[in-house]
Amino acid sequence: MATSLSSTCLLGFPFLKHFSSFTPLTDKWNSLRLNKTTCSTSSTSVFTTSSSGGSYEKSKRVWIWTESKQVMTAAVERGWNTFIFLSNHRQLAIDWSSIALIYPLFIEEGEVLDGENKRVATIFEVSTPQELQQIQPENGQAENVVINLLDWQIIPAENIVATFQGSRKTVLAISKNHSEAQIFLEALEHGLGGVVLKVEDVEAVIKLKEYFDRRNEATNLISLTKATVTRVQAAGMGDRICVDLCSLMKPGEGLLVGSFARGLFLVHSECMESNYIASRPFRINAGPVHAYVSIPGGRTCYLSELKAGKEISVADQNGQLRTAIVGRVKIETRPLILVEAKRESDDQTVYSIFLQNAETVALVPPCEGKGLRKAAIPVTSLKVGDEVLLRIQGGARHTGIEIQEFIVEN
């Protein structure tokens with residue numbers, strides 16, 4: 001049977017019987033209460049994940065459990081202001097409340113209580129499959145359930161996601177680092193409802209926020225600009241890169257690549273059926289080693305810097321971004337073709353890209369109305385006057401980060 005977790009057992013002591021008792025807070029502490037609606041809103045982050053069945057969006061809660069003032073400060077600066085304290089650390093909560101606007105929660109005999117002595121979560125420590133099976137949505141737990149998985153993570157987290165799907169209860173897992181938190185947030189693609197980040201290291205907070213920022217890109221549409229092809233020319237041999245992802249792409253999707261960071265072309269994946277080669281919906285024949293490619297966080301890197309495990313930004317014809325993982329990179333010498341384009345509103349600036357001169361390599365044209373005109377134009381069929389999609393952005397870069405400085409590139 002799953003056992004509720006007391007404040008003492010969280011410190012490594014044996015379980016105590018589950019009590020609902022709570023010592024009333026002092027007037028001094030009552031004066032520090034915060035508006036719950038405001039805090040509960042600001043202590044969440046939202047990201048969208050994509051699945052074969054469409055988009056899935058859910059609020060992901062992040063509660064911080066720490067005794068480090070530096071960790072607290074880093075969390076508040078990143079918009080997370082819900083903090084968990086052991087019941088004997090109320091003075092620490094009072095001290096921190098004089099520094100920042102926080103929403104403190106207290107652990108009392110296996111329950112998490114707010115400043116008004118209301119139960120907001122029940123904590124369970126799970127070490128066996130039998131204990132895990134006892135945690136069910138219909139059980140009389142609080143609105144939130146906090147799970148402490150002791151020695152194993154992925155399969156139990158997936159089981160919990162499956163069990164609580166459709167439930168109004170939010171399940172959070174205690175995480176000891178940002179990598180563990182990411183596992184819980186992505187279990188069975190949809191993930192748990194949130195995490196309790198129990199750390200004394202500022203870096204863990206920073207890394208987790210970076211993860212949320214990357215995933216949040218999926219909720220934003222980037223602006224793609226229509227450009228007209230002004231030059232198509234064979235360019236000799238070069239070392240080009242095929243990027244194989246750990247996920248599949250659909251028609252209209254690809255990578256943003258260009259010779260200059262100021263304008264990145266949407267290069268289509270090899271997901272289309274062809275008479276020349278079998279469909280490879282995980283692959284983009286992206287361009288030569290010198291080219292820039294868009295990566296999460298609004299940054300760029302060189303195609304030659306990509307390697308297995310690196311995150312990369314996938315865009316579609318409508319400008320929808322998502323993050324994917326690079327599974328493999330292949331560099332091979334192949335014949336190249338130079339493509340140049342200009343925008344109608346700016347006939348002075350030239351945007352260019354080199355691509356392998358092959359029928360399976362294609363650029364993405366603009367949408368026509370609400371539908372797709374066509375998913376891709378093979379470079380072997382590309383001609384002057386064709387329209388393609390560009391991502392226009394600042395051209396000056398330092399280690400892939402956009403900076404404001406004078407720059408001329410030809």
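Is Glu116 buried, partly exposed or exposed, and at what relative accessibility? Glu116 counts as partly exposed because its relative accessibility is 39%, where buried means under 20% relative accessible area, exposed over 50% and partly exposed in between (1.4 Å probe, protein chains only). This is a predicted model, in which local features need pLDDT of at least 70 and side-chain atom pairs count only at pLDDT 80 or more, while totals for chains, interfaces and linings use all residues. Residues are numbered from 1 along each chain as its sequence is written, and side-chain values use heavy atoms, with hydrogens and water left out.

**Nonpolar cores**

- The largest nonpolar core has 38 residues, a nonpolar core being a set of buried Ala, Val, Leu, Ile, Met, Phe, Trp, Tyr and Cys residues joined through side-chain atoms within 4.5 Å.
- Ile64, Trp80, Phe83, Ile147, Val205 and Leu208 have the most contacts inside this largest core.
- Helix 8 (residues 202-216) gives the most to this core, contributing five residues; helices (H or I, at least four residues) and strands (E, at least two) are DSSP runs, numbered from the N terminus.
- A second, separate core comprises 36 residues, including Ile241, Ala286, Val314 and Ile353.

**Helix 4**

- Arg90, Ala93, Ile94, Trp96 and Ser97 are buried in helix 4 (residues 90-97).
- Seen down the axis of helix 4, these buried residues fall within an arc of 165°, so they line one face of the helix; the arc is that of the directions from the helix axis to the C-beta atoms.

**Salt bridges**

- The whole structure contains 16 salt bridges, each a side-chain nitrogen of Lys or Arg within 4 Å of a carboxyl oxygen of Asp or Glu.
- Glu116 pairs with Lys118 in a salt bridge whose closest N and O atoms are 3.8 Å apart. Lys118, at 46% relative accessibility, counts as partly exposed.
- A salt bridge also joins Lys226 to Glu387, with the closest N and O atoms 3.7 Å apart. Lys226 lies in strand 11 (residues 225-245) and Glu387 in strand 22 (residues 387-392), so this pair ties together parts that are 161 residues apart in sequence.
- Lys226 is partly exposed at 44% relative accessibility, and Glu387 is partly exposed with a relative accessible area of 24%.
- Arg231 and Glu340 meet through their side chains in a salt bridge of 3.3 Å, N to O. This pair links distant parts of the chain, 109 residues apart, with Arg231 in strand 11 and Glu340 in strand 18 (residues 321-343).
- Arg231 counts as partly exposed at 31% relative accessibility, whereas Glu340 is buried with a relative accessible area of 18%.

**Arg322 in strand 18**

- Arg322 lies in strand 18 and is buried, with a relative accessible area of 16%.
- The side chain of Arg322 reaches the backbone oxygen of Leu248 at 2.9 Å.

**Cysteines**

- A disulfide is a covalent bond between the sulfur atoms of two cysteines.
- The structure holds zero disulfides, a disulfide being taken as a pair of cysteine sulfur atoms within 2.5 Å.
- Cys242 counts as buried at 2% relative accessibility, and Cys301 counts as buried at 6%.

Note on methods: A polar contact is a pair of N or O atoms within 3.5 Å; within protein, one must be able to donate a hydrogen and the other to accept it, and residues adjacent in sequence count only if both atoms are side-chain atoms.
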